[in-house]
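Trainee: Hi! Could you walk me through this structure?
Mentor: Happy to, let's look together.

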Amino acid sequence: MLDRVVVVGAGVVGLSIARVLSALEGLEVVVVEKEADVGWGASKANTGIIHSGYDDDPVKYPNRARLAVKGNRLWTTWAEQLSIPVDWCGSLVLARSSEDRRVLRELLARGIRNGVPALRILDGEEVRALEPMVSEDVVEALWSPTAGVLSPYEATVALAENCVENGVKILTETLVKGVRVKDGSVEGVETSRGFIGARWVVNAAGLYADEIARMAGVSDYTITPRRGEYLVFDKDAGPKPSRILFPTPTPVSKGVVVETTVAGNLMIGPNAVDLPRDAKEETYTTKEGLAYVWREASKLVKKLPGKREVIRVFSGLRPQPSGGDFIVRVLEEPEGFVEAAGMRSPGLAAAPAVALEILRLMRLNGLDHGFKKRWKAERRAGLRIMGLGWDMLEKTVSRNPSYGRVVCWCEGVTEGEVVDAIRRGAKTIDGVKFRTRAGMGRCQGAFCRLRIAAILARELGKPIWSITVKGTGSELGVGDVKSLLEGEDVAD
Amino acid sequence: MPTRRVDLLVVGGGPAGLAAAARASELGVRRVVLVDERRWLGGILPQCIHPGFGLHRYGRDMTGCELAEKLIDRVSSLDVDVYTEAHTVRMGYESYLSKTAEVLTPRGAFRFRAKTVVYAAGARERTCFEAGIVGSRPAGVYTAGEVQEMMDVWGILPGREAVVAGSGDVGLIVARRLTLEGVKVKAVVELMPYPGGLLRNVVQCLEDYQIPLLLSHVVLAVEGSKRVESVLVAEVDENLRAREETVKRIPCDLLVIAVGLIPRVELLAGAGAMIDPKTGGPVVNEFLETSLPGVFAAGNALVINDLVEHAMEQGELAAESAYRFIEDGGFRSASWKRVRVGDGLRFVVPQLLAGFRDVKLYLRASSPSENARLLIPELGKSVRLRSVRPAEMITLTLKAEDVLKAERLTVKLV
């Protein structure tokens, strides 16, 4: 039997697991992903918050409670190793009523029990001293200094690059159609690109984890999409909080957050709308949802910027497991089937801890590989021209003029950075966007999309019209400009 | 770091910036530098392959490309130092006679120290998000200007069946352009009960091609995950709110967003210039000088124009003002009057008048009307206008002596 593990799903969880497994000697790690790039499921559209871990009830949701706290701490190391920009800004849970104050005390007690350090309840005056923009009716807040914010797509890309450097194969646009089980053991996965044999199959398929599980004969849980909508403001719009602002949570959700992203945009969201189990791609936004987010966010702060400062709205789906808790396990039946599923919030925070937990469980179940002597913990981030001092910038441009050719005017992204992103694996407009921020500014790509497509076309050797926004079926155009008149064969 | 001292820095090489650089050079301003982000000069003119340019000024109807060539030739024949693919990272106000700009180009990173600046960075298009369109976010949703560039700069056909949101001039022109390449334009959807573009464009771009114009309608949402599959359109009531019972689905694979332009003022605002919420551009005086002394604004970065000639004349005025600023070491203090925008108008530019010179006012009406009167009560001035449309800029020239004698000035449309 092949000593290979197939990880299903190249999200933040699947890639964290792949990263940890890539440290083992003599184990081949293959990640399969149905989308055209890594991190395009739940990983790309969320708050990006590394929760500190006081939210989760250790009795009802032991995995969430344990792994969030541990993952939060691990991220400090992982982010440094992988050059992922993180702002360890801390968070405030704002209380606006006596009932809220009671809940704050519950959260504090739970945080202490979960092992969250440095928690403290602040009075209203202290809160406004830290965050002058907080609403006057806030009477208290739970301050959690260990919470942080990162860019979830940047983190996923960083993990993927580190995985590849350590020998992991990532197969994109590869859909898993079946899990082959023989005599009670997994033998591999059937995919849209053929069969991949494996001794271990790790199910990190996010929203689709329940379907992958069923392919392996496991049906003790379901995953339903919980939609969350967000609004992103112009970088220049403020005021922006220095810390993450949460409302006092309800049993269903942590509520609508007001935060400053690592890129420096004010962002509000999400709401929480449970969708039918099969609505796993329905990342649409709604008037009602966005209005709700606006109303809820308005309660936390004195004033939001004007509505015309909103540059983008989006929605993401969180994979809500039927049992509520993360599913982190190695199954006895079928043997070799491993699951990291139902990674709803605080899944991003927990991901590194989930990966180590999976390794521990696999070891208990017969994985006996030692660690590699040479394993690269570090990953170097691409150059960010706008982050350089003027002297460095001059030197860089004189060595490579393409770093002086700005293609995205709003975010100041250069051709050199775009080419670097393509060499690192971007094949689409969105792939470039998530790696460089080109197209994430106020014009939302209207100025730069075509210049980026032209660079992609050149680097990939394809006609410009056939460059896709997000994989097959999302081509920029339908052919050359005269194709309809000339009756040429054009894409369908 | 090389710092280049210049007399005039022109930011933006579209019609306003080109006109400014040429005029300044002709007046004798010595060190004139023009920077532009694109590889080619002309701003958006080169992507406008349709006619309708230059008639008022040159007596000849030209395409955008032809006009661009004319303007570029004029600048090339003069002593103007042109930097293309030159992105201005930031601008700063250092002192009364010194403004800084950090400019990144493939040929190096430069810092300019300029006595005067003409800021003509143009506008950007409002996006589907700014238009409040919800739903999914697939390929096939592009702004009208992007569609022009796609087709006529890069040679891409963006779709087979299109819906255009917004009936501004660019939207109308793009609807026709798509039709000419065999794309079926199923509807142009306009929120207001009247078209957003010039009447001649409604006739020449829609009626001549039997493209339906849905007035008092709105695009609510986009459907389709990878590629646009359809859009939801509804009629609106008098408060511009969608009437739920009228929602209909229009299958299409392309949604063109033509819901207006916004002046690009980030660099100006970053340097500390005051912005007028009515225009989205900077507050300027009759020299087109912003609240930063020696920094002038022109073209769509100042106010959204519908005629290229207006952008060009603003560029030229800004250049003349920069020349005076350099020669005289700035302008004398005066009792500036803030023009008050009265009923019936969205904005008036320039916003500040003192009566140093005769001044041309640019105004936009709030709604269409027939037989209107433009009033400045303080001057006892009344101008009869046969037909007024928000799409068409109204201009009015005031004599310096009239401005001088007025205590204050209010402009209104009744």
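Trainee: In which kind of contact do the side chains of A:D137 and A:R96 meet?
Mentor: They meet in a salt bridge, at 3.4 Å from N to O. The term covers a side-chain nitrogen of Lys or Arg within 4 Å of a carboxyl oxygen of Asp or Glu. One caution: this is a predicted model, where local features need pLDDT of at least 70 and side-chain atom pairs count only at pLDDT 80 or more, while totals for chains, interfaces and linings use all residues. Residues are numbered from 1 along each chain as its sequence is written, chains are lettered from A and ligands numbered from 1 in the order in which they are written, and side-chain values use heavy atoms, with hydrogens and water left out.

Trainee: And where in the chain do A:D137 and A:R96 sit?
Mentor: A:D137 is in the loop between helix 4 (124-130) and strand 7 (140-144) of chain A, and A:R96 is in the loop between strand 5 (91-95) and helix 3 (98-114). Helices (H or I, at least four residues) and strands (E, at least two) are DSSP runs, numbered from the N terminus.

Trainee: How many salt bridges are there over all chains?
Mentor: The search of the whole structure finds 70.

Trainee: New topic: which domains does chain A have?
Mentor: Domain 1 (88-148 + 224-319) and domain 2 (385-477), with bounds from an automatic or database domain assignment. Their C-alpha centres lie 32 Å apart.

Trainee: How many salt bridges cross the interface of those two domains?
Mentor: The rule finds three there. As for A:D234, its side chain meets that of A:R442 in a salt bridge of 2.5 Å, N to O.

Trainee: What else does the side chain of A:R442 meet?
Mentor: B:E266, in a salt bridge of 3.6 Å, N to O. Across the interface of chain A and chain B, the rule finds five salt bridges.

Trainee: How many residues are in contact between chains A and B?
Mentor: 62 residues of chain A are in contact with 53 of chain B, contact being heavy atoms within 4.5 Å. Together the two chains bury about 4,700 Å², 59% of it on carbon and sulfur atoms. Buried area is the accessible area (1.4 Å probe) that two parts lose on being put together, summed over both.

Trainee: Which residues of chain A lose the most area to chain B?
Mentor: A:W390, A:W409 and A:V481, together 16% of what that side buries.
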